[in-house]
Amino acid sequence: MINRIDMYIKKGYEVMNALIENADITTEEYPTVNIQLKLPGGGVVFGGYSFAHVTKGDFKLEGWEKGMTAIFRIMEVAGVNHWNKLKGSPVRAILKDQRIYAIAHFLEDKVMDYRLAPFQEKTSL
């Protein structure tokens with residue numbers, strides 16, 4: 001049985017071990033979820049997925065399913081049950097052309113890829 005990581009490797013992706021250095025949920029410009037990964041030779045941000053629409057001044061918040069799903073899938077893939085426990089968690093970064101496309105659990109066959117809905121429940125690249 002081919003696991004999900006092997007599928008990425010066969011498609012030409014590189015897989016690197018990484019540590020989550022920081023995890024942010026912010027509303028500075030628009031509500032987004034980001035995790036900062038420490039890779040050998042530097043760091044990179046994975047995310048930028050908007051999780052809601054905010055109407056400034058009215059404090060009207062409309063949640064978006066994909067963004068909310070991203071929050072929980074990142075925690076699941078990192079193996080934590082609290083957002084504040086993400087920092088320091090080991091993950092595997094799945095890259096191509098120096099861009100992270102997905103993250104994976106360090107040992108288990110769990111992958112979170114923003115391009116696939118609902119974030120890697122189905123395995124087709």
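Mentor: What follows is a look at the aromatic rings, and then at the nonpolar cores.

The model is predicted, so local features need pLDDT of at least 70 and side-chain atom pairs count only at pLDDT 80 or more, while totals for chains, interfaces and linings use all residues. Residues are numbered from 1 along each chain as its sequence is written, and side-chain values use heavy atoms, with hydrogens and water left out.

Searching the whole structure gives two aromatic pairs. Rings of Phe, Tyr and Trp (its six-membered ring) pair if their centres lie within 6.5 Å; planes under 30 degrees apart are stacked, over 60 edge-to-face, and the rest tilted. Tyr-8 and Tyr-13 have ring centres 5.3 Å apart and planes at 85°, so this pair is edge-to-face. Tyr-8 counts as buried because its relative accessibility is 1%; buried means under 20% relative accessible area, exposed over 50%, and partly exposed in between (1.4 Å probe, protein chains only). Tyr-13, at 12%, is buried too.

Tyr-13 also pairs edge-to-face with Tyr-101, at 5.7 Å centre to centre and 85° between the planes. This pair links distant parts of the chain, 88 residues apart: Tyr-13 lies in the loop between helix 1 (4-10) and strand 1 (14-26), and Tyr-101 in strand 7 (residues 99-105). Helices (H or I, at least four residues) and strands (E, at least two) are DSSP runs, numbered from the N terminus.

Now the cores. In soluble globular proteins, nonpolar side chains tend to be buried together. A nonpolar core is a set of buried Ala, Val, Leu, Ile, Met, Phe, Trp, Tyr and Cys residues joined through side-chain atoms within 4.5 Å. The largest one here has 22 residues, of which Leu-37, Leu-86, Ile-103 and Met-112 touch the most other members. At least two residues each come from strand 1, helix 2 (65-78), strand 6 (90-96) and strand 7, and helix 2 gives the largest share, six residues.
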